[in-house]
Amino acid sequence: MSSYSPQDHVFMQQALRLAEAATRRAAPNPGVGCVLVRDGQIIGEGATLQLGGDHAEIQAIKDCLARGNTPRGATAYVTLEPCSHHGRTPPCAERLIQEGLARVVAAMVDPYHEVSGRGLAMLRAAGIDASAGLLEAEARRVHRGFLSRVERQRPWVTLKAAATLDGKTALLNGKSQWITGPAARHDVQKLRARHCAILTGSGTVLVDNPQLTVRDFILPQQPLRVVLDSRLVTPPDRRIFHGGNTLLVTSSTDLARHQPYLQRGAELMVLPEDAGHANLPMLMRHLAERGINELMIEAGAGLNGALVRAGLVDEAILYLAPSLVGSTAQGLFAWPALEDLADKQQVKIQDVRMVGADIRINMTFAAAL
């Protein structure tokens, strides 16, 4: 295994920051970051553009040349193994060879079947010192959506919920706006902007009539809105069906009942019903097939509980407001009563911080990568 210096770590951390910022833009490709270094100085850097655009290595080379530098003899720090195949763009490994790079350090090997070690092998065959494994755990976190889609054939799933300190998400009559304060709601907008798609259930559409759009930030493309409505109980005039970019998932095969939603611009997908919902694992596979790397859940207790019980939630972000509403209000997760505490759902808390007057808790589930 290669030995990496403190300086190597510093430059890879910068590449990871570039990758993090490019993740949403690049989907369904991984949002890779690349930093070119010579004599301890950054001479070029870049990150993956939108689908069909330059990959990170090409952007870094162009930046290097624009600065009046040459990449020849430099080291490239890249968060994912350079690609070795012809897709929408030529192989990045080939371009690095052409430019005369002396060393390439990748954070991790690309698990995609058309790369998977071939990029590094191509570089080594050309006499370039190529290695992988520097800050791999951090790279897996940054590339979690792409890795989940490639390795598990489903998106990385983040469940977002807001509750009072006694764990209630809405009053008994369904009213829930607003439990949390403005800072937390702005933070949710940032979360939405990071995701390729947002999933909700028919109950949330009926009670809250949400748009589920990103309004605080300008995006080249809004996340796909996915509505799970097995029996088509949501009226087609709800705001979530306005403007297209909505996938309605149902178990109803009645084509006549599909028409009002289609006329609103929604796309429909029919899945078999399973335990009261359209089949959730099948839905996740479908979303992965259409290039959804990261999926956000904004739903009620019923769908939240079904997804967790099915092992389909990787992380949850819970906003807790400094208030109490009592035991009759609605909870976070619905599932059958447990007979033993050994059956409880275990989570691992990753981060706790204040967002305005509210507490934000980030947690991961056992199913996570």
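**Entry 1: a bridge and its sheet**

I looked up C34 and found its bridge partner in β3, V78. The model is predicted. Strand β1 (residues 33-38) and strand β3 (residues 75-78) run antiparallel, with 4 bridges joining them.

I then traced the sheet. I read 5 strands in the order β2-β1-β3-β4-β5. The sheet is open and its pairing is mixed. From one strand to the next, the twist averages 15 degrees.

**Entry 2: helices on the sheet**

I checked what packs here. Helix α2 (residues 56-66) lies across β1, β2 and β3, and runs at about 135 degrees to β2. Helix α4 (residues 118-125) packs on the sheet and touches β4 (103-106) and β5. Its direction makes about 160 degrees with that of β5.

**Entry 3: largest pocket**

I noted a space of about 1100 Å³ in the largest pocket. The lining has 49 residues, and K160, S176, T204, D208 and A299 are the closest to the centre. α7 gives the most, 6 residues. I sorted the lining of this pocket into 17 nonpolar, 22 polar and 10 charged residues.

**Entry 4: second largest pocket**

I found a volume of about 860 Å³ for the second largest pocket. Its lining has 28 residues; closest to the centre are E20, R141, R144, R194 and E315. The lining of this second largest pocket divides into 11 nonpolar, 4 polar and 13 charged residues.

Where does the second largest pocket lie? It lies between domain 1 (6-145) and domain 2 (153-365), because both give residues to its lining. Elements that each supply at least two residues include α1 (6-26) and β16 (358-365).

Definitions and conventions:
Residues are numbered from 1 along each chain as its sequence is written. This is a predicted model: local features need pLDDT of at least 70, side-chain atom pairs count only at pLDDT 80 or more; totals for chains, interfaces and linings use all residues. Side-chain values use heavy atoms; hydrogens and water are left out. Two strands pair if DSSP finds at least two bridges between them. Axes are lines fitted to C-alpha atoms, for helices over the stretch in contact, and angles run from 0 to 180 degrees between N-to-C directions. Contact means heavy atoms within 4.5 Å. On a 1 Å grid over the protein atoms alone, a cavity is a set of points where a 1.4 Å probe fits but cannot get out, and a pocket is an open set with protein on both sides within 12 Å along at least five of seven lines; lining residues have an atom within 4 Å of a point. Grid points are joined across faces, edges and corners, and a volume is the space filled by probe spheres set on the points. Ala, Val, Leu, Ile, Met, Phe, Trp, Tyr, Cys and Pro count as nonpolar, Asp, Glu, Lys and Arg as charged, and the others, Gly among them, as polar. Domain bounds come from an automatic or database domain assignment.
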